[in-house]
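Have a look at the model first, and then read along.

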Amino acid sequence: MAAFEVRGGKALRGDITPQGAKNEALQILCAVLLTSEPVTISNIPDIRDVNKLIELLRDLGVKVGKLATDTYIFQAENVNLDYMDTPEFVAQAGSLRGSVMILGPMLGRYGRCQLPKPGGDKIGRRPMDTHFLGLEKLGGKLTLEGLDFYRIKVEGKLKGTHMLLDEASVTGTANILMAAVLAEGTTTIYNAACEPYLQQLCRMLVRMGANIQGIGSNLLTIEGVQSLGGTEHRMLPDMIEIGSFIGLAAMTGSEITIKDCQIPELGLIPDTFRKLGIQIEFRGDDIHIPAQPHYEIATYLDGSILTVSDHTWPGFTPDLLSIVLVVACQAKGTVLIHQKMFESRLFFVDKLIDMGAQIILCDPHRATVIGLDQTKQLHGITMTSPDIRAGVALLIAALSADGTSTILNVEQIDRGYQFIDQRLNALGADIRRL
């Protein structure tokens with residue numbers, strides 16, 4: 001198990017460029033299964049989860065060529081369906097949450113797919129009902145073997161239909177969309193997710209020859225086509241990294257410029273951090289965070305305590321609530337953090353309390369943070385990263401703390417942030433990988 005040894009209390013300074021978006025990559029990479037023609041994808045992040053998904057595609061028979069550090073060409077001309085029956089596939093797919101994204105493309109193009117229950121972060125229940133209910137409405141027949149193996153197939157062709165999703169699931173919408181583009185007739189998906197990453201997938205599919213209307217809304221209309229062709233696609237920068245760097249700069253009193261942010265795609269992220277009192281300057285497509293010794297949490301107009309909560313897009317992303325929570329630890333004022341989607345995502349706050357933060361965990365979904373206003377520094381401890389986002393929040397806390405912290409299980413952080421120790425050390429951090 002790898003670990004970070006972090007000597008905190010250092011102000012950082014310089015420019016940093018966000019990686020390509022992890023959550024987009026897991027969808028976009030699986031979309032290459034929809035065509036036998038070459039697909040070139042750039043700005044792919046060099047992180048564990050994405051690399052494991054590329055390896056899974058290669059083992060399924062997809063030709064994979066690396067054109068540059070962040071650019072690959074894929075050709076799913078001869079996919080080996082029998083590989084899904086092997087123990088190797090079960091082990092691979094079962095260790096990777098992103099493997100769920102092969103369901104739609106495989107069912108749409110080949111009429112069948114099977115999958116063990118995907119792995120991933122232990123942040124609470126992540127049911128796949130939306131995926132399978134949507135694919136069944138298109139004509140797929142689901143068989144569940146035990147509690148952790150799924151088989152789905154269709155006799156003949158998938159058929160377009162109208163569906164109202166029970167939740168606006170990003171991955172569920174993506175899976176259904178990728179199946180529907182090759183179905184016969186018209187499919188309408190109401191209560192569809194409309195995150196920028198979903199919009200990116202839609203635009204890529206349209207360039208491949210799909211017919212999709214309503215991109216960016218919660219009502220997608222898809223006219224099925226016979227086949228799709230190749231294309232080129234460049235992924236967005238990772239909005240979660242951008243938010244993490246904004247929080248890092250504020251928490252450590254650092255002056256950082258985040259380059260090439262695609263600011264129009266960030267939604268509420270900048271304004272949410274501004275509510276914590278963080279100064280944010282837009283310089284073209286860059287975000288500059290000046291060094292500030294103090295930042296003060298806003299209140300509502302009637303003076304009541306601010307609540308920051310997650311919601312489906314265009315609401316605030318749940319992946320950044322851990323960052324907001326840790327940054328609030330050194331703000332002036334109080335904020336209630338309400339994590340609605342996952343019941344285990346706030347359980348990392350016990351580590352912050354051990355570091356000296358003032359946090360009341362109200363229940364599995366809510367935590368009240370009373371900011372220290374930099375009057376008292378957090379102190380270094382030994383802790384374990386429970387998941388990707390909490391791991392980076394703990395890293396930010398350690399970088400701001402007095403003394404040395406050790407963060408265990410940093411493989412979790414590596415799953416979502418590429419070379420984060422090296423990139424932050426280039427700004428003046430002191431992080432040693434053990």
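This is a predicted model: local features need pLDDT of at least 70, side-chain atom pairs count only at pLDDT 80 or more; totals for chains, interfaces and linings use all residues.

1. Threonine 317 counts as buried, at 14% relative accessibility; buried means under 20% relative accessible area, exposed over 50%, and partly exposed in between, using a 1.4 Å probe and protein chains only. This threonine sits in the loop between E17 and H10. Helices (H or I, at least four residues) and strands (E, at least two) are DSSP runs, numbered from the N terminus. Leaving aside neighbours within four places in sequence, threonine 317 is in contact with Ile240, Ile269 and Asp310, where contact means heavy atoms within 4.5 Å.

2. Residues are numbered from 1 along each chain as its sequence is written, and side-chain values use heavy atoms, with hydrogens and water left out.

3. Which residues does UniProt list for "binding site"? An unreviewed entry gives Arg97, Asp319 and Met341, and the annotation also covers Lys22 and Asn23. UniProt positions are given in the numbering used here, feature names are shortened, and annotations may be inferred rather than shown by experiment.

4. Aspartate 319 is found in the loop between E17 and H10. With a relative accessible area of 13%, aspartate 319 is buried. Apart from neighbours within four places in sequence, aspartate 319 is in contact with Asn23, Ile240, Arg345 and Arg389. Arginine 97, from the UniProt list, lies in the loop between helix H3 (87–94) and helix H4 (103–110). Arginine 97 is buried, at 18% relative accessible area.

5. Beyond four places in sequence, the contacts of lysine 22 are Pro45, Ile47, Asp49, Asp238, Ile388, Arg389, Arg415 and Gly416. With the neighbours within four places again left aside, asparagine 23 is in contact with Tyr197, Asp319 and Arg389.

6. H1 also meets helix H7 (residues 196–207): the two axes come within 9 Å and cross at roughly 20 degrees. Axes are lines fitted to C-alpha atoms, for helices over the stretch in contact, and angles run from 0 to 180 degrees between N-to-C directions. H1 and H7 are therefore roughly parallel to each other; angles under 35 degrees count as roughly parallel, over 145 as roughly antiparallel, 65 to 115 as roughly perpendicular and the rest as oblique. From H1, the contact is made by Asn23, Glu24, Gln27, Ile28 and Ala31, and from H7 by Tyr197, Leu198, Gln200, Leu201, Met204 and Leu205.

7. Now the sheet. An open sheet of 4 strands has the order E17-E18-E20-E19, with mixed pairing. Strand E17 (306–309) and strand E19 (359–363) stand at the edges, each with a single partner strand, so one side of each has no neighbour in the sheet. From one strand to the next, the twist averages 20 degrees. E19 and strand E20 (residues 366–370) run antiparallel, joined by 4 bridges; two strands pair if DSSP finds at least two bridges between them. Leucine 361 stands opposite alanine 367 in E20.

8. Helix H10 (residues 321–328) packs on this sheet, touching E17, strand E18 (334–338), E19 and E20. The direction of H10 makes about 160 degrees with that of E18. How many of the residues of H10 are buried? The helix is mostly covered, with 8 of its 8 residues buried; among them are Leu321, Ile323 and Val327.

9. Last, another strand pair. Strand E3 (residues 39–42) and E13 pair in the parallel sense over 4 bridges, and histidine 233 in E13 is the bridge partner of isoleucine 41. Strand E13 (residues 231–234) has a covered face of Thr231 and His233, while Glu232 and Arg234 form the uncovered one.
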